[in-house]
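The stops below follow one another by selection.

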Amino acid sequence: MDPVALSRRLAAGAVLSVPPFAVRLQTPLHVLQRSLHMLYGEFDLLDDGEAPDFVIRVSGTGGLHRFMRRQAMAFIDTPPPYTPLPERMAPIMFEQALNWCVATRTLTHLILHAAVVAKNGRAVIVPGQSGQGKSTLCAALVARGWRHVSDEFALMDPSTLAITAHPRPISLKNRSLEVVAAWAPEMAQSPAYEGTPKGTIGYVRPSRAAVESAPEPVTPVAVVFPRFDPAQAPALDAMGKAAAFIALTACSVNYREFGQAGFDAIGRLVDGNPVLGATYPDTGSAVALLEQVVG
Amino acid sequence: MDGTSDIFRLAAPSGSLHWREWDDGCVIFNRTTGETHYLDDFTAYLLRLVEAAPRSQDALTGTVCAELGRERSATLEAQIARALRNFETLAVLERAR
């Protein structure tokens with residue numbers, strides 16, 4: 001879709017397919033409209049009558065901020081959970097709002113804060129809180145032909161442990177932006193947004209292949225906790241299963257809501273798959289370790 | 001009374017605790033509270049004993065000494081007392097009234 005037509009639809013409110021969700025987004029902000037054209041260019045717009053899973057509106061704030069230091073505010077359908085950011089950061093505001101919707105309103109999947117990547121159908125869960133390197137590793141692997149299943153959330157069926165793909169722009173922070181740009185200069189990156197509460201943030205545009213393959217769930221064959229340490233040699237170490245269980249529940253955003261089903265699912269995930277810690281001093285060795293994991 | 005003769009039993013109905021055990025420890029899920037807890041091997045062993053049959057701290061210490069061949073000592077008693085107190089706080093065990 002050409003940028004002008006997209007802007008017109010977004011200004012009125014458009015339903016965007018962000019598998020497995022339909023997101024109704026309304027925004028008059030040109031900075032966000034331009035960003036969506038770039039980052040979500042491979043995603044589909046649905047009919048306006050499509051029932052959305054989430055409704056998000058990102059607009060400017062009122063008052064004096066209309067005239068100076070213009071801000072963007074995300075509205076879901078309750079009071080927004082975030083403080084406004086400068087208007088030029090509206091794309092970050094949208095990603096945060098969508099993350100919040102997924103994390104708090106998804107009742108069908110056990111959600112782990114994790115990237116998920118796959119090679120030849122063999123998926124690896126890479127858990128980690130923000131800043132632990134999962135998105136950098138995800139981008140680096142995707143650049144070498146791995147399937148981009150998700151960079152932020154593993155949406156796991158608690159009965160089968162199958163993971164529903166949720167490809168989104170890969171969020172990179174601070175030094176990771178340079179690392180990925182150097183590793184894969186061909187990957188399309190958004191502008192870098194400096195001065196956010198988490199430093200400088202930028203995004204990698206998902207490929208059409210990632211979007212097209214989204215309806216196919218994946219089954220994990222390993223869980224790998226990443227640890228970047230420039231002083232260490234590359235190493236894969238088996239983690240204790242009990243320690244892994246606790247670490248995975250800590251990474252889940254809705255483990256408690258699932259009760260015993262969540263306990264059983266994490267237990268089966270840990271019992272049925274190797275759980276490893278990957279220590280690496282650079283991107284190349286991280287990718288080599290993950291290649292080793294999927295054989 | 002120092003409390004060592006109070007009988008400890010599961011706070012939740014039978015079948016409420018679900019276990020997963022591995023070489024580096026175990027986790028339990030308490031269906032009554034919805035909480036998950038990590039236990040090291042020794043603490044898990046104590047809970048298994050009380051789950052099998054309610055008993056006092058004193059009796060528990062006696063069983064540990066007999067089964068594990070350990071000497072009864074102030075350190076061991078303090079360790080068991082601490083574990084029981086923690087289980088009580090977590091609503092895993094309670095004192096029989």
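Start with B:Arg9. At 33% relative accessibility, this residue counts as partly exposed. Keep in mind that you are looking at a predicted model.

B:Arg9 sits in strand 1 (residues 7-10) of chain B and B:Glu94 in strand 6 (residues 93-95) of chain B, so the pair ties together parts 85 residues apart in sequence. B:Glu94 is partly exposed as well, with a relative accessible area of 29%.

Strand 1 and strand 6 of chain B pair in the antiparallel sense, over 3 bridges. Select B:Phe8 next: B:Arg95, in strand 6 of chain B, stands opposite. Widen the view to the sheet. It is open, has 3 strands in the order 5-1-6 (chain B), and its pairing is antiparallel. Which strands are the edge strands? They are strand 5 (55-56) and strand 6 of chain B, each of which pairs on one side only.

**To the interface**

Select B:Arg20 and A:Asp271. They form a salt bridge, with the closest N and O atoms 2.6 Å apart. The pair crosses between chains: A:Asp271 belongs to helix 8 of chain A, B:Arg20 to strand 2 (residues 17-22) of chain B. Is B:Arg20 buried or exposed? At 17% relative accessibility B:Arg20 counts as buried, because the cut-off for buried is under 20%. A:Asp271 has a relative accessible area of 42% and is partly exposed.

Zoom out to both sides of the contact. 16 residues of chain A are in contact with 16 residues of chain B. The two chains bury about 1200 Å² between them, and 61% of that is on carbon and sulfur atoms. Highlight A:Ala242, A:Gln260 and A:Phe263. These three supply 44% of the area that chain A buries against chain B, more than any other three residues.

Switch to polar pairs. There are 2 salt bridges between chain A and chain B. Across the same interface, 9 residue pairs are in polar contact, with both residues at pLDDT 80 or more.

Color chain A by element. Helix 7 (241-251) and helix 8 (255-272) of chain A are the elements that give two or more residues to the side touching chain B. Helix 8 of chain A gives the most, with 10 residues.

**Inside chain A**

Go to A:Glu291 and A:Lys119. Their salt bridge brings the closest N and O atoms to 2.6 Å. How many residues apart are the partners? The answer is 172, and the pair links distant parts of the chain: A:Glu291 is in helix 9 (residues 283-294) of chain A, A:Lys119 in strand 7 (residues 110-119) of chain A. A:Glu291, at 23% relative accessibility, counts as partly exposed. So does A:Lys119, at 26%.

Terms used:
Residues numbered from 1 in each chain as written. Chains lettered and ligands numbered in written order. Predicted model: local features only at pLDDT ≥ 70, side-chain atom pairs only at ≥ 80, totals over all residues. Heavy atoms only, no water. Contact = heavy atoms within 4.5 Å. Buried area = accessible area lost by both parts, 1.4 Å probe. Salt bridge = Lys/Arg side-chain N within 4 Å of Asp/Glu carboxyl O. Polar contact = N/O pair within 3.5 Å; in protein donor to acceptor, adjacent residues only side chain to side chain. Helix = DSSP H or I, 4+ residues; strand = E, 2+ residues; numbered from the N terminus. Buried < 20%, exposed > 50% of the residue type's maximum accessible area, 1.4 Å probe, protein only. Pairing = 2+ DSSP bridges.
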